[in-house]
Amino acid sequence: MADAKRVCRKCLLRDMPEKEYYRNMYTYIANLPEDDKVSDKEYERRLEECKKCEHLLGGMCRICGCFVKMRAAMAVRHCPGADKRW
Ligand code: SF4
């Protein structure tokens, strides 16, 4: 247990080391119920659209403020842009 680290569930991003909050996001995505997630193929398609989009900045969508890697994983979420890329 010496390597186990406590995860603070109430910390703001600014209170966490950068690596830690990205790790939390990936854990969150991995633990989404399968029914709530898009397929791997659709996930990659969405991210490719984001990569081509002028609203992507630093991994975040400047329209909705979401990390696109998180938003794109959720089946109920859609691109908030006027042209609805996904
Ligand atoms: S507007 Fe849509 S395609 Fe562009 S970054 Fe935001 S979610 Fe991605």
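**Figure 1. Overall fold of the predicted protein.** The protein has three helices and two strands, arranged along the sequence in the pattern α-α-β-β-α. Of its 86 residues, 7% count as buried. Among contacts with a separation of 6 or more, 49% join residues 24 or more positions apart.

**Figure 2. Confidence of the model.** The mean pLDDT of the protein is 89, and 90% of the residues reach 70 or more. Confidence is highest in helix α2, residues 40-51, at a mean of 98. The lowest mean, 88, belongs to α1. Where pLDDT is low, the predicted coordinates should not be read in detail.

**Figure 3. Tyr 26 in helix α1.** Tyr 26 is found in helix α1, which covers residues 18-30. Tyr 26 counts as partly exposed because 13 other C-beta atoms lie within 10 Å, a number between the limits of 12 or fewer for exposed and 20 or more for buried. Met 70 is 44 residues away from Tyr 26 in sequence, and their C-alpha atoms are 8.0 Å apart in space.

**Figure 4. Asp 36 in the loop between α1 and α2.** Asp 36 is found in the loop that joins these two helices. With 11 other C-beta atoms within 10 Å, Asp 36 is exposed. Leaving aside neighbours within four places in sequence, Asp 36 is in contact with Met 74 and Ala 75. Ala 73 is 37 residues from Asp 36 in sequence, with a C-alpha to C-alpha separation of 8.3 Å.

**Figure 5. Leu 47 in helix α2.** Leu 47 lies in helix α2, the helix with the highest mean confidence. Leu 47 has 15 C-beta neighbours inside 10 Å and therefore counts as partly exposed. Leu 47 and Ala 73 are 26 residues apart in sequence, while their C-alpha atoms are 9.2 Å apart in space. Ala 73 is also shown with Asp 36, at 8.3 Å from C-alpha to C-alpha.

**Figure 6. Lys 84 in the segment after α3.** Helix α3 spans residues 68-71, and Lys 84 lies in the segment that follows this helix. The phi angle of Lys 84 is positive, at about 40°, although Lys 84 is not a glycine. Lys 84 counts as exposed because 9 C-beta neighbours lie inside 10 Å, and a residue with 12 or fewer is classed in this way.

Notes. Residues are numbered from 1 along each chain as its sequence is written. This is a predicted model: local features need pLDDT of at least 70, side-chain atom pairs count only at pLDDT 80 or more; totals for chains, interfaces and linings use all residues. Helices (H or I, at least four residues) and strands (E, at least two) are DSSP runs, numbered from the N terminus. Two residues are in contact if their C-beta atoms, placed from the backbone, lie within 7 Å. pLDDT is the predictor's confidence in each residue, from 0 to 100.
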